[in-house]
Every structure is written in structure tokens, then in C-alpha cells.
Amino acid sequence: MDPKTPLLAPSATTPSEIRAALAALHARETSLTTRLNGLLQSHQNDITRSLSRLDNLRANLGDQVIASRTISNNMLSSASERASHLSSRVRTLDLEKQRVEDTLRVVEQVAELKACVAGVVGSMGAPQDWEAAAGYIARAARVPEEIVKGGFACAVVPSVEVPDAPWVTLENARESLCSLFLREFKRAAGEGDDARVTRFFKLFPLIGRGDEGLDVYGSYVCQGVAGTARAVLKDGANVDKGGLFYANALTRLFDHVARIVDLHGGLVERHYGTGKMVKVIERLQVEADVQGGIILDSWNDERAVDRRLTDVKSYPFSFLVQSFLPQQRGFGGTPRVNSPAVGGSNNDGGAGAVRNSEDEGVNMKEVHALLSEIAFMLGRWSLYSRFLAAKCREPDAPEDAPLDIPEVLTKSNLSRKVTGKLLTPYNVLTTFFFRRSVEKAFQMDEPLAGLSLNMNRPIDNNPPYIISAVDDVMYIVNTLIEKSISTSQKAVIDQVVPTISTLLGSDFLRMIQTKMRDESYPRPAVAGGFPPEDKIIAFIVLINSLDMSNEYIARITTALLTPAGEQNGTENNRPLSLKDSFPFKNDAREVAARLNSLNTSFTTKSNELLSEAINVLTSQVIKLRLRPILSDTFRDADYTLTDDEMADLAAQNDMEKDELLEQVPATFEHGWDRLMKPIERLMTPRTFTAVLDRTAEYLARILEKRIWSYAGGRTSPDGAIRMARDFEQIVKTISKSNYSVRSMFERTRQILEVANYEDDEWDDEVAVDEGWILSDEEMRRARTLARA
């Protein structure tokens, strides 16, 4: 049977066919079995021989393994034992070597100790070689204490000359030398022998008495501090102590301490170790507390600071109080007494007498001088604090790391005295000085002369036209803040800047508001009339004053916040940036936040008042005068006429048609210029822009209302075109000073544009959305302006 014959024919569908296929399979199986048995029989002998050979080889290999193990045990066991024995001997030798080395080290240290003890005793004898004795003690200090007090040293070191235990001998020598060095140091200090002072000062750390050396050295340098301070006060006993005498005395005290720390710091650090100068600084600060306290107490008594504080705290500020009182008005308004406004009393028997009597109580020049003196002393205290903070910082601190006020200053008596006798008076006096300056600025304020709404009259003054009080007050603001920053005291800034911010709102802005309300409010003199020209001018000047006050405050804060040399590419007047003036931790950032807060707070309050004032000017002056201008502009305008009828009307009036067509925009332009140009000439650009915006917004509503009045076919097609042209010229006139106001008339323009489309053009325009701002209803209404 062919092997390739399928086992079961696929076409077998009947039982006979299946049986035939099955028989074929059985025959094939029988054939394969016979062939396999024949192959197995023919190779059986070869297989048997191979298996026998393998059994013989296994028996031989077993004998060889046993022989190998026997050889290994006989040859290697002795070597292993010998290696173990050698390792043990090496460890024993290492231990013995270590013990010998330790013994030699102890012997050497004891020998060194014995030599040091002998050297100390010998040097302290007849030779009196104190440097050598201190050197021997320093060498002995390097011997471990367990060796010094060990039995071996106690047995070997003592001798007939020095029978005591070594540590007893050394300790007695230290005490004896310490007493001797102290005595000799004080003697040299008393004699002013700096060389001997330095000689004995360097010996204290060698004998382990560094603290005693630093203490006595601190006392020595403190004598110089006390002597210098007393000499300064003594020299000033018979001289005038005005000006900066006490400030200079305090400066000399701080400079003397700083020089001592700077000159002696290297010596102390070299012989006593890093950071040991802090102990001397602490001792110096104790003396500086005493001498600085004496200077501040003397200054306080000499300047009668307590009395001045009492005077400024009880100062009545009569002018401000009276200015803020409700005013009693009769017909036309009555100016208040001593008012700086137009017509206010300013003779010798009136406001001048009040000012003189008030100034007699507190002399502003003396207060200013006292503030300058305190600021100078606070600045020197800050510089001194910064110097000590740098000297007391950790040795591994980065150079650019913020400084921390050292504990030696925070807990010092002088720090508390500076706070009580300098910081607190400075804050109180600054508050008084600023408020009194605001009061005096408005007392002395006089109206600007030569201002007029008549364009034919020239103005001699230069813009901006503001009250003089603004310049005076802002100068004082800048001066006081710069003076406060010069103190480098964050506590001063925390008090002064918020106080100035508060007083600017409560006094300065309130005074301007009061003058607007009571003296310059542009109300008509008679019912139905226009406000007087002088009131309008005065009101505009006050509006300008508010605007320029915002600019001045912004300039002041920007100049103070801008680092030196970076303002407008030129050098700044301030020599130091805030970071340089306030080097401690986050002080500079917090001071900057205070200044930004001042600018934000003042600008917010001022802008509120400025917005109200511009509303008043727009409603009480401009709107009142715009009404007759608009009435004259559209008096003869007739948008129901066609072009031919307009030509006939021009002929009847002996006019050219173009002249008649230009009558509406020309009339408006003439009235607009007469109204707005004088106001623009007087106002600052920012305030006039605000006024123009309000006016344009108002006119946009008026013109739109006028356009809608023609809805329902009340104009001719030619009239609607003329209306669009006239209104376009009116808007052009309004936007001459500021093109951006044209956007306010967009609704007006679109209404007239929709009205003037031809029907077929309009259908195409509606199909294309071009961003109309009119609603569908308004567009349909606009299409009814011109009759068909």
C-alpha cells in the first residue's frame, strides 16, 4: 500500500467502502510493525555491548574517585593546619605590635608630660619666661586626660623637685600664671603699654584661660570707650550743644566701638579661635549701653523732648478743624473766616494773627531740626547694628545672605533706649510735622492770578495750573519719606508711611474737597444762569491739583523704589537702594510694600474725588452751555427739504447753497470751540480727556435722541444724507482733541448709515453681517427716517 494513500477515502460514503479503507489501514499497521521488529533484532547485539562497556567504565571511575579523595586528605590536611596556625600567629603578632605601639605612645606622652611639667616649673622659676611656661602648659593640654591622671604618669612624672601629681602641678601653674597674667595685663593697660597688653593677652588661651583673657580684654577696650564718650561730653560742656552735637557724640561712640572690633578682631580670632570676638563684642556693648544711654539722656534733657512731645500732642490744628466744620450759608454763600479762598480774610488782624499765635506754641523749624537730628542718630544706630550683625554672623554663612539682628543688640539696654527716646518721638513728631505742614500749606495758599476763560487774554503762568499747597505738601511727603528711609529703621517706615497715607486722605484730600464744596463749587449766581467765571476757574484748578497729586505721589514712590542709577537711565539722587538701606531679612520687601500701598491708597481715594469733581464740572458747566449751543446749531436745520428746495432757500436768503449746507457744523464748531478751548487750556491733559469723554458720552445720547425724533418718515432722502454729513462733521469737531471719542458715536453713525441705504443695497447689506451694534428693531426703525 502506498504510504501516500489516504487512510480514509474522502469519497467513502457506504459501509462497504469504509470497511475496505479500514482493512487497508490494518494491512499498513502490520507492515510497519514487521519492519520495526527487524531493525531492532539487527542492532540488539551492538546495544548490549555498549551497555556492558559503560558499566565497566563506571566501575573504574568510582575507584579513581576514591583514590583522589585519599590523596587529597593525605596531602592538604597538613597544609590547612599549617595555614590556620600561621593566621593565629599573625593575629597574635599584630596584637602584640599594637600593644607595643600603645605602650610607646603612652611612654612618649608621659615623657612629654614630664618634660612639660619640668619646663613649666623651670620657666616659672628664676628665668620667669612666661611665654615658655604658657607654651609648656599648652603642650601638656594636648596629652589626654586619662594619661595625665593615670597611674603610670603618677608614678613616673613626680620628682624630688616636683613631688605632686602632674595634674595638680599643671593646675597650680595655670592658676598662678592666670593671676600673674591678669595682674600684668592690668598694669600694662594702666600704663598704656599696648605691646605688653598684647603680649599677655595672647598668653591666656595657652594656659586654658581664654574666657578670663576675653573678659579682661573687654574691660580694657571698654575703658577706651568710656573715656572717649566722657571726653566728648566734657569737651561740649562749655560749647553750644545745638545742631548735631549729641548726634556726633553718639556717632563717635559707635565709630570707636566699630574700630575696636575691626582692629582687634583679627588678633582675637587668631589666638582665641573663630567666633570668640563675639564675647568681646558683648562686653563692649554693655559699655556702649551705658555711654550711649548717658548721651541719649543728656540729649533728651537738653532738647526738652518730653515737653515738645506734650506740646505737639496737644496742638489743636484750629485751621483744619474750622475748615472741616459745616459752613453756614446765606444767599450766594458766605466764605468761612480765615479762608484761603478768593475773598477770604488774610490781614494782620485775621488769619495772620491766628497763624502767628499757633506757631508760637510749636516752632516748626525746631521740630524739623529735631527730626533731622533724630533721623541722623537712628541712621548711625542702623549702621552700627549692621556692622555688628556682619561681625556676629556665622562663619560659614554666604556673603549675600540676609543679616539677622544679633542677640547682643536685641537684648541691649541701648536698643530699648533707642526705641523709647528716638523711635517713639520721631514717629510722634513726624505725624505732627506733616499734619501741621498740610495745615500751613492751605493757610498760605493763594489763588492763581491771571487765569481766564477768555482765549484773547494770555496766561503768564506755566501749566499745570494747580494750588501751591500741592507742591508744598508733596515736597514735605518726599522729604519725610526720604528722611525716614535714611534711618534704615523698618519700624520707622511701618509708622511713618501709613500715617502719611492716612493724613493725605483725612486732611489733604479733605481740604481740597472742602474747597471744592464751599469755595469753588460752580453753582449759578442766579437761578437759571451760568456759574461765575472765577468759580469755574478755581474748580478747574482744584481738579488739576488732584490729578497732579496723583502724579507726584507716583513719582515719589517710583523714585524710592527704583534702584540707584536705574531711573530713566540717569543717576538717582538716593545713594542707596532699599535693599542696601534695609539689609535685614525681609525688611526691604516689606518697605517696598508700604510704599506701593501708599501710592495705591492715595490714588484710589484721589480718583474717587476726581471723578466726582469731573462729573460736577461736566454737569454744572459744560452741559449747561452745550444746550444753547445745540439749540443754535439746529435752529435753522430743516431735514425735510430736498436739495432743490435747499437751493431755493439759499437763493431767497442771498446765500450760496454750500454755505447753507455748512451752516449746522460751522455753528456747532464755533460754539464748541468757545466752550471747550478755554477749558482745555486750563486743564491738565488727563483731566481734560476725562471731561471730553463724559461730554462726548452725553452728546452721543443727545444726538441719537435727535435722530430718533425724525423716525417715521419725517426727513426727505436728501435731508437724511445732509443729517449724516452734518453729524459726521459735528463728531469730527468733538474728536479733534482726542480721536478715540469717535467710538462713542458709533450708534449714531450706524443709524444714519442704515437710513441712507437704497433698498436694493440694504437687502444686500442685511445678507452680509458686518458687526452691527444696532438691534433688528432699531435697524427697522432707522429705515423709516427718510420718507419713500
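Which helix holds Leu51? Leu51 sits in helix 1, which covers residues 15-124. Helices (H or I, at least four residues) and strands (E, at least two) are DSSP runs, numbered from the N terminus.

This is a predicted model, in which local features need pLDDT of at least 70, side-chain atom pairs count only at pLDDT 80 or more, and totals for chains, interfaces and linings use all residues. Residues are numbered from 1 along each chain as its sequence is written, and side-chain values use heavy atoms, with hydrogens and water left out.

## Overall build

The protein chain has 28 helices and 0 strands. It contains 788 residues, and 41% of them are buried. Buried means under 20% relative accessible area, exposed over 50%, and partly exposed in between (1.4 Å probe, protein chains only). Take the contacts between residues at least 6 apart in sequence: 77% of these join residues at least 24 apart. A contact here means heavy atoms within 4.5 Å.

The accessible surface of the chain is about 42,500 Å². Carbon and sulfur atoms account for 52% of that surface. The areas come from the Shrake-Rupley method with a 1.4 Å probe; for residues, only the protein chains shown count as cover.

Leu51 also belongs to a nonpolar surface patch of about 390 Å². Patches are made of residues with over 30% relative accessible area and no salt bridge; like charges are joined within 9 Å, nonpolar side chains (Val, Leu, Ile, Met, Phe, Trp, Tyr) within 5 Å.

## Nonpolar cores

In soluble globular proteins, nonpolar side chains tend to be buried together. The largest nonpolar core in this model has 197 residues. A nonpolar core is a set of buried Ala, Val, Leu, Ile, Met, Phe, Trp, Tyr and Cys residues joined through side-chain atoms within 4.5 Å. Helix 20 (residues 587-633) gives the most to this core, with 17 residues. The residues with the most contacts inside the core are Phe181, Phe434, Leu504, Phe508 and Ile734.

Leu504 shows how far such contacts reach. Beyond its neighbours within four places in sequence, Leu504 touches Phe434, Val473, Met474, Val477, Leu509, Ile553, Leu598 and Phe602. A second, separate core has 5 residues, including Leu641, Ala650, Leu660 and Leu661.

## Salt bridges

The whole structure holds 39 salt bridges. Each is a side-chain nitrogen of Lys or Arg within 4 Å of a carboxyl oxygen of Asp or Glu.

| Pair | N to O distance |
|---|---|
| Glu373 and Arg303 | 2.9 Å |
| Lys515 and Asp445 | 3.9 Å |
| Lys490 and Asp494 | 2.7 Å |

Glu373 lies in helix 13 (residues 364-392) and Arg303 in helix 9 (residues 277-303), so their bridge ties together parts that are 70 residues apart in sequence. Glu373 is buried, at 2% relative accessible area. Arg303 is buried too, at 12%.

Lys515 and Asp445 also link distant parts of the chain, 70 residues apart. Lys515 is in helix 17 (residues 490-518), while Asp445 is in the loop between helix 15 (413-443) and helix 16. Both residues are buried.

Lys490 and Asp494 form a local pair within helix 17. They are 4 residues apart, so about one helical turn separates them. Asp494 is partly exposed, with a relative accessible area of 24%.

Salt bridges also join into a network, which links Glu171, Arg174, Glu175 and Arg209.

## Buried charged residues and cysteines

Lys483 is in helix 16 (residues 468-486). It is buried, with a relative accessible area of 14%. Leaving aside neighbours within four places in sequence, Lys483 contacts His368, Leu371, Ser372, Ala375 and Tyr426. Lys483 and Leu371 are 112 residues apart in sequence, yet 8.7 Å apart in space, C-alpha to C-alpha.

Asp673 is in helix 23 (residues 663-682). Its relative accessible area is 19%, so it counts as buried.

How many disulfides does a search of the whole structure find? It finds 0 (pairs of cysteine sulfur atoms within 2.5 Å would count). Cys178 is buried, with a relative accessible area of 6%. Cys222 is buried as well, at 3%.
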